Amino acid sequence: MWRSCHRLRDWGRRLLSRPPGGPAASLGPGPGPLSPARAYVPPAERKRFYQNVSITQGEGGFEINLDHRKLKTPQAKLFTVPSEALAIAVATEWDSQKDTIKSYTMHLTTLCNTSLDNPTRRDKAQLIRAAMKFLDTDTVCYRVEEPETLVELQKNEWDPIVEWAEKRYGVEIGSSTSILGPRIPARTREVLASHLASYNLWALQGIEFLVTQLKSLVLALGLLDLHLTVEQAVLLSRLEEEYQIQKWGNVEWAHDYELQELRARTAAGALFVHLCSESSTVRHKLLQA
C-alpha cells in the first residue's frame, strides 16, 4: 500500500514539474490506479479578450455583456438567465478571470449553459428521477461492519443527518450494512420526489449537479435547507475517505486539490439552486461597464 502511495506521490510531482501546456499523456503509462489523477490536469485556457463585464435586462431575462458583445452558450444561444441575482453571480465569474479565462472554474456559467442548451433534452420528471436514483446508493445510508472506529464514526456523524431528513420530511430512510443498501419505502420516494417537483427546471439542473457531487440526496437536501454548511456537507460525503487519510496519510497536493474542487462545485451548485429560485431583482447592479 505504501509503495503505491509513494508511486502516486512521485507521479504527481512529475506532473507538477512539467512546463505549462504539456500533455499529461506524454508522461507515459503509469499503474492502473494512477490514471484518475490525470483529472487534475487543467484544461486549455484562452486569453481574456474583454475589458468590462456588465448585465442588461432583455425580453427573456438578464443578459451578460463582455464589453459590447453579448455572451452566448456553446450552442450559440443568447445567454439569458431568469434572475438578476444569478446574472450578477455569473458576471462576477467572468469579471474575476485574470489574463486567461479558466472555464473549468466557472461552475455557475457551466450550469447556466446546461440549463439553456439542455444537451440531454431532459424535462423536470427526468431530472427528478436522476436525483432520486441516488437515494438507492446514498452515501450516508451505506454503513460498514468494521473496523469499530469507522462504524462508530459513521454512526456519530451520519445518523443525525438521516434523522433530521426523516423528521423534516416525515419519511423513513434508515441505513444498512448490506451491499443492497436500505429498503426505501415507496412513500419516502413519493414525498421526496414531490418535494423536488416544487423546484423549477433550472433549479433541478442544479440539484442533480449537487447530488452528483455529494453522492447523496440526503446531504444535498440538508445543504439546500441550510441545515448543513458546504464544508459540513462535503466532509460528511467524504467521511470514509477522510478516515482513511487520517489513518494512512494522504497524497500531497492531490488530496487538497480534490477537496477544494469539491467544495467549490458544491458551493456553486447550492448557490445556483437558490438563485434560480429567487424571483426578486437587485436594485443596484454590482457590475457596470
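**Exercise 1.** Describe how helix 7 and helix 8 pack, and state which residues make the contact.

*Solution.* Helix 7 (residues 201-214) packs against helix 8 (residues 217-224) at an angle of about 120 degrees, and their axes lie 8 Å apart. Helices here are DSSP runs of H or I with at least four residues, and strands are runs of E with at least two, numbered from the N terminus; axes are lines fitted to C-alpha atoms, for helices over the stretch in contact, with angles running from 0 to 180 degrees between N-to-C directions. That angle makes helix 7 oblique to helix 8, given that angles under 35 degrees count as roughly parallel, over 145 as roughly antiparallel, 65 to 115 as roughly perpendicular and the rest as oblique. Ile207, Leu210, Val211 and Leu214 of helix 7 meet Leu217, Leu219, Ala220, Leu223 and Leu224 of helix 8, where contact means heavy atoms within 4.5 Å.

The model is predicted, so local features need pLDDT of at least 70 and side-chain atom pairs count only at pLDDT 80 or more, whereas totals for chains, interfaces and linings use all residues. Residues are numbered from 1 along each chain as its sequence is written, and side-chain values use heavy atoms, with hydrogens and water left out.

**Exercise 2.** Determine how helix 2 is oriented relative to helix 3, and name the residues in their contact.

*Solution.* The axes of helix 2 (residues 84-95) and helix 3 (residues 107-117) come within 8 Å and cross at roughly 125 degrees, which makes helix 2 oblique to helix 3. On the helix 2 side the contact uses Leu86, Ala89, Val90, Glu93 and Trp94, and on the helix 3 side His107, Leu108, Thr109 and Cys112.

**Exercise 3.** Decide whether Gly269 is buried or exposed, and find what surrounds this residue.

*Solution.* Gly269 is found in helix 11 (residues 254-276) and is buried, at 0% relative accessibility; buried means under 20% relative accessible area, exposed over 50% and partly exposed in between, for a 1.4 Å probe and protein chains only. Leaving aside neighbours within four places in sequence, Gly269 is in contact with Leu111, Gly206, Phe209 and Leu210.

**Exercise 4.** Locate Thr80 and list its contacts.

*Solution.* Thr80 lies in strand 5 (residues 80-81) and is buried, with a relative accessible area of 13%. Not counting residues up to four places away in sequence, Thr80 touches Gly60, Gly61, Phe62, Glu63, Leu116 and Trp202.
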